[in-house]
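Thanks, everyone, for making the time this morning.

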Amino acid sequence: QTAPARRPIRELPDELISQIAAGEVVERPASVVRELVDNALDAGARQITLRLLAGGVRLISVEDDGIGIPHDELPVALKRHATSKIQSLNDLESVGTMGFRGEALAAIASVSEMAVLSRPEGQATAFMLDARTGEIKPAARATGTTVEVKELFFSTPARRKFLKSDATELAHCVESVRRHALARPDVGFAIWHEGKLVEQWRACHGPEAHDRRLADVLGEDFLSQSVAVHYNVGPVRVSGRAGVPDAARSRADHQFCYVNGRYVRDKVLTHAARSAYEDILHGHRQPIYALTVEIDPTRVDVNVHPTKIEVRFRESREVHQAVRYAVENALAAPRAALAAAAAE
Ligand code: ADP
Ligand code: MG
């Protein structure tokens, strides 16, 4: 056996570093959609419009009416680890925005042809930055930002090969917006594909806003077949809706969990929700629910996964209990009412 040839240690070129990082953040068009919609929401957008071509592979354009990016900051926005959202470890520990890693735009730019067009309030005109050439030109636009991502993975054919059909990629993009839309009924969303409007959810306000958005996004059935969840246990607040046992499905495709407004996939939460159905749902039937956990940001770490879809709770037992009780209580209430009515 021969020893491997010794090669000198070298720092990787910037472009390659970004492409490696992009591997973690940008898996498919829907990942780009998630990052760009996160940014639009962080910018305070009231209306977000998506335009897609070929399931997002040829074009993803996300347009918002948020605070915009000043013309002189456009090049910085595309740099790795450049963010306006945190400045210190302290900020990181109580982060209230969807983004904070300053990675998304750099990562997406490294695996696509990207352009950012933006105009903040008070700037006389918009400017457009072409990420490939670095060129900045004046352009026309109202206050807000449009990010255009073309030819995703054109330079990384290995990634491109993993993409599914346009219809499948589109479905994933829509699902990604749906997750945002459920958390933010106060924001309007529209999704266009190949020039056709595929989904539109109008902004709703007031106490019924969440329920109305749920019905718009998941259908009236979701609302009529679920009960309201409201529960405060110590520092944990659980709200949302939990489906009655009869509404259970064969697939777990109507289970949405949010932590402080962020969509997450978390074993503690899904296990807790499932355990609330322990005695009333049998076999492999999957309950439907949309649950929001609000908790002091210092009690949850959102910086465990590059896509931030996973979180770590400091006191996971406390959160588990809160969610389980919250759902159990909500489900018990209508049964108690039915039993009382029957006894009369
Ligand atoms: P992060 O969201 O983690 O800060 P990004 O790479 O996604 O990192 O974005 C970098 C920066 O660009 C953001 O911090 C923000 O200041 C700015 N930015 C990106 N998208 C928008 C947008 N739609 N509206 C306003 N500013 C934006
Ligand atoms: Mg971001």
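Let me begin with the largest nonpolar core, which has 86 residues, and within which V33, I108, L291, V293, V323 and V327 have the most contacts. By a nonpolar core I mean a set of buried Ala, Val, Leu, Ile, Met, Phe, Trp, Tyr and Cys residues joined through C-beta atoms within 7 Å. Burial is counted from C-beta atoms placed from the backbone: a residue is buried if 20 or more other C-beta atoms lie within 10 Å of its own, exposed if 12 or fewer, and partly exposed in between. This core draws at least three residues from each of domain 1 (14–201) and domain 2 (219–343), the bounds being those of an automatic or database domain assignment.

Before going further, a word on provenance: this is a predicted model, in which local features need pLDDT of at least 70 and side-chain atom pairs count only at pLDDT 80 or more, while totals for chains, interfaces and linings use all residues. Residues are numbered from 1 along each chain as its sequence is written, and chains are lettered from A and ligands numbered from 1 in the order in which they are written. The protein chain averages a pLDDT of 94, with 99% of the residues scoring at least 70, where pLDDT is the predictor's confidence in each residue, from 0 to 100. The model scores are ipTM 0.99 and pTM 0.94.

Which residues does L291 contact, if we leave aside its neighbours within four places in sequence? They are V229, V238, G240, C257, A273 and V323, a contact meaning that the two C-beta atoms, placed from the backbone, lie within 7 Å.

V149 sits in strand 6 (residues 144–150); helices (H or I, at least four residues) and strands (E, at least two) are DSSP runs, numbered from the N terminus. V149 counts as buried because it has 29 C-beta neighbours inside 10 Å. Not counting residues up to four places away in sequence, V149 touches V32, I60, I108, S112 and M114, and the C-alpha atoms of V149 and V32 are separated by 8.4 Å although the two are 117 residues apart along the chain.

As for ligand 1, of the 23 residues around it, N39, A43, T83, S84 and G99 come nearest, where a residue is near if its C-beta atom, placed from the backbone, lies within 6 Å of the molecule. Helix 2 (29–42) and helix 5 (104–110) each supply at least two residues of this shell.

Finally, two backbone details: most residues other than glycine have a negative phi. E194, however, has a positive phi of about 50°, and lies in the loop between strand 7 (188–193) and strand 8 (196–201). K308 has a positive phi of about 60°, and is placed in the loop between strand 14 (300–301) and strand 15 (312–313). Is each of them buried or partly exposed? E194 counts as partly exposed because it has 14 C-beta neighbours inside 10 Å, whereas K308 is buried, with 21 other C-beta atoms within 10 Å.
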